[in-house]
Amino acid sequence: VMLMPAYHVSLIPFVKPKNLRQELNEQHRALHPNLHETMTLSKLRNLKHQLVEMCNKCKFLDVSTVAVAWVYFEQLVIRGRVDKSNRKQIAGTCLVLAYKFYNENDDVEDRRTSDPAQKEDQIPKETRELKELLFHVRKLDKKDQLDPADVLVKEFSVFAWLEFWVKLESPEVQLRLQEMLALLGREFTEYYGDEAWWLGGLRTRNASFESNGSRSGSDGGRD
């Protein structure tokens, strides 16, 4: 900042994106020395963006489910289970776990028909959605193309690394949820309508994990 009579000028030096990224990665390494050395800030940010983008590709996927998956992933990063080589496989597996435990689905009748044209209707909705989710998880890694079978095999290992504890309270996820809504360019009330259930507790497929109250309002608030 230069101070001169009648002038007040601020100078912002130009920094190349590559140099800025390197500097931020070094700062992140200094703040988190216990993380695997290959887990840089830029890799974490890029992976988070890829997971959030899943909400645009899978219309059934709630952004809160992605937020839960990211909390799982962060726990595994802190515990030293994640490095550069397996980060996308584990992130994809966390997303599958979060989908199974938290993503809401309407009950689907078991429709049976002998008409080949309606064969698709015989497949449960959750099965179709999981298949679509795994299809997009596979594309997380453009080089190796994550095999859905490998992701499903990894699922139990990730579950064990989380010490079989996938129950999360709202405060643990709210910050990540707000960050991901911002990445999508959406406001909380715009996405969820008048529902205030996030102020009370996370809702799984089979139960409501409550911290301060229970979910209220109708189930039709989200687009």
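This is a predicted model: local features need pLDDT of at least 70, side-chain atom pairs count only at pLDDT 80 or more; totals for chains, interfaces and linings use all residues.
Let me begin with the largest nonpolar core, which has 50 residues, and in which L61, Y72, F73, L95 and L133 touch the most other members. By a nonpolar core I mean a set of buried Ala, Val, Leu, Ile, Met, Phe, Trp, Tyr and Cys residues joined through side-chain atoms within 4.5 Å, where buried stands for under 20% relative accessible area, exposed for over 50%, and partly exposed for what lies in between, with a 1.4 Å probe and protein chains only. At least two residues of this core come from each of helix 2 (41–57), helix 3, helix 4, helix 5 (125–138), helix 6 (148–161), helix 7 and helix 8 (188–192), and helix 3 provides the largest share, 11 residues. The helices here are DSSP runs of H or I with at least four residues, numbered from the N terminus.

Residues are numbered from 1 along each chain as its sequence is written, and side-chain values use heavy atoms, with hydrogens and water left out.

Now to the packing around helix 3. Its axis, over residues 63–78, comes within 8 Å of the axis of helix 7, residues 170–184, and the two cross at roughly 120 degrees; axes are lines fitted to C-alpha atoms over the stretch in contact, and angles run from 0 to 180 degrees between N-to-C directions. That angle makes helix 3 oblique to helix 7, given that under 35 degrees counts as roughly parallel, over 145 as roughly antiparallel, 65 to 115 as roughly perpendicular and the rest as oblique. On the helix 3 side the contact, meaning heavy atoms within 4.5 Å, includes V63, V66, W70 and E74, and on the helix 7 side it includes E172, R176, M180 and L184. By class, this contact has 11 nonpolar, 1 polar and 3 charged residues, where Ala, Val, Leu, Ile, Met, Phe, Trp, Tyr, Cys and Pro count as nonpolar, Asp, Glu, Lys and Arg as charged, and the others, Gly among them, as polar.

What angle do helix 3 and helix 4 pack at? The angle is about 135 degrees, with the axes 8 Å apart and helix 4 spanning residues 87–102, which makes helix 3 oblique to helix 4. Among the residues that meet there are T65, Y72 and F73 in helix 3 and L95, A98 and Y102 in helix 4, and the contact divides by class into 14 nonpolar, 1 polar and 1 charged residues.

T65, which lies in helix 3, counts as buried because its relative accessibility is 0%. Leaving out residues up to four places away in sequence, T65 touches L95, A98, Y99, Y102 and N103.

Turning to the other helix pair, helix 1 (residues 17–31) and helix 2 have axes that come within 8 Å and cross at roughly 100 degrees, so helix 1 is roughly perpendicular to helix 2. R21, L24, N25 and H28 of helix 1 make this contact with L41, S42, L44 and R45 of helix 2, and by class these are 3 nonpolar, 3 polar and 2 charged.

In the loop between helix 1 and helix 2 sits T38, which counts as partly exposed because its relative accessibility is 23%.
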